[in-house]
Amino acid sequence: MTLIKQSQDYERGGTQKDEYAVDELVLVNCPFCGSDRRTCIYREHGALEVSQCGACALIYTSPRVKSPEEVYWGNSETYYAEARLIFAGKAGHHRDPNYLEELDLIKRYKPAGRFLDVGCNMGMLLRHVRKMGWTAVGVEPSPSLSRLAIQRFDLDVHNCFLGELPDRLAGSFDVIALSDVLEHISDPLTFLRQAGRFLAPDGILYIKVPNARWNIFKQAMLRLAGKAPKQGVWDSYEHVVHYTDHTLSMMLKKAGFRPIKMTIGKPVQLPVWQELVGHYYQYPSPAILDWQRRLGRSFFYWLSWPERVCRFGSVGHFAPNLVVVASAAAARPDATDITKPVEPIPPPARRSLDTP
């Protein structure tokens, strides 16, 4: 009972809530094509709905939180208390294996140069970027998180939104990284075009996002098991657009980018300290404490590679993350073809939508 109470009392640095009421949300149209035709495929966190566009098949959250970017505008003291050992160099971060995997891929295209990490949080990725020899720059709209990145890691971080960066930085970055960022952006087309403005002519854009098909798979498996969690499948309180490889590619092309590599990212092995002792979310936990979930994530990740072969290159339902490397490209003559409606992914049974 003590452990359960500690877990429930876990103090998070952000402003996220377990449940949202209707008056805290806003109904929005599809952020790709603007259509108001949508089908709800899941409901979580109270009144939040994960919806699929009936015109272009993009999955997005509507109704959604009114200001999703402010979820991380929390208390800097709480954030610091969680990560103090990492700042002191006495411990690693639980995402460090993922960060190193991402940077290894980026180095194959741009081994040196100016690197912009958009949504850099407390600078956990940027601290590796700097060690690897890039000129590390970050942009982070959260005042508390950007302050920690500057004060604790001595990083060059701009406390603003991407479009508010100084004009002098236009065209100056060899790498712009959107690692677990694009799914938080409510207007992704404008955001990607802003990224293109700051990218050097021969620069690359790196994107990692959760795979929407993986969430659909999890949702279906939980339904078969007689479960419909009130939260945690789609993280819709903060994730406002949910991408498949197809919808991510069409978003990039419409924004003026050319995808040059689409691949699968390894799963993030989330720690479980906060479930046991109500603290230490930043640090990796021993596999023995959560071996079943860790094994399951790894199993489906490795299964996603033969699944992709069977799907003739398309990323399927077993891949946890989508990774894209893209370059800037002039608008294609047939760009209008990108917006042609496609067959939507069949939503799960309506039974789960009635879950309170």
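**Ground rules**

This is a predicted model, where local features need pLDDT of at least 70, side-chain atom pairs count only at pLDDT 80 or more, and totals for chains, interfaces and linings use all residues. Residues are numbered from 1 along each chain as its sequence is written, and side-chain values use heavy atoms, with hydrogens and water left out.

**Stop 1: helix α3**

Select residues 96-109. This is α3, with 14 residues. Helices here are DSSP runs of H or I with at least four residues, strands are E runs of at least two, and both are numbered from the N terminus. From first C-alpha to last, α3 reaches 21 Å, close to the 20 Å expected at 1.5 Å a residue. That expected span is 1.5 Å times one less than the number of residues.

Now colour by burial. Buried means under 20% relative accessible area, exposed over 50%, and partly exposed in between (1.4 Å probe, protein chains only). The buried residues of α3 are D96, N98, Y99, E102, L103, L105 and I106. Their cover includes β6 (114-118), α4 (124-131) and β13 (321-328).

Show the side chains of D96 and R127. They meet in a salt bridge, 2.9 Å from N to O. A salt bridge is a side-chain nitrogen of Lys or Arg within 4 Å of a carboxyl oxygen of Asp or Glu. D96 sits in α3 and R127 in helix α4, so the link spans distant parts of the chain, 31 residues apart. Both residues are buried.

**Stop 2: N321**

Move to strand β13 and pick N321. Buried or exposed? N321 counts as buried, because its relative accessibility is 7%. Its side chain reaches the backbone oxygen of K266 at 3.0 Å. That is a polar contact: a pair of N or O atoms within 3.5 Å; within protein, one must be able to donate a hydrogen and the other to accept it, and residues adjacent in sequence count only if both atoms are side-chain atoms. Beyond four places in sequence, the contacts of N321 (heavy atoms within 4.5 Å) include K208, N211, T263 and P267.

**Stop 3: helix α7**

Select residues 212-224. The 13 residues of α7 should span 18 Å, and the end C-alpha atoms are 19 Å apart, which agrees. Start at the N-terminal end. N211 caps it, with a side-chain oxygen 3.2 Å from the backbone nitrogen of R213. After the helix comes G226, whose phi is positive, near 80°.

The buried residues of α7, among them W214, I216 and F217, pack against β2 (38-44), β4 (59-61), β10, β11 (241-242), α8 (245-254) and α10. Next, show D245 with R213: their side chains form a salt bridge at 2.8 Å, N to O. D245 is in helix α8 and R213 in α7, 32 residues apart. Each of D245 and R213 is buried.

**Stop 4: the nonpolar patch**

α9 (273-277) and α10 (291-310) each supply at least two of its residues. W291, in helix α10, counts as partly exposed at 48% relative accessibility.

**Stop 5: E49 and R38**

How many salt bridges does the structure hold? There are 13. Finish on E49 and R38, whose closest N and O atoms are 3.2 Å apart. E49 lies in strand β3 (residues 48-53) and R38 in strand β2, so the pair ties together parts 11 residues apart in sequence. E49 is buried at 14%, whereas R38 is partly exposed at 29%.
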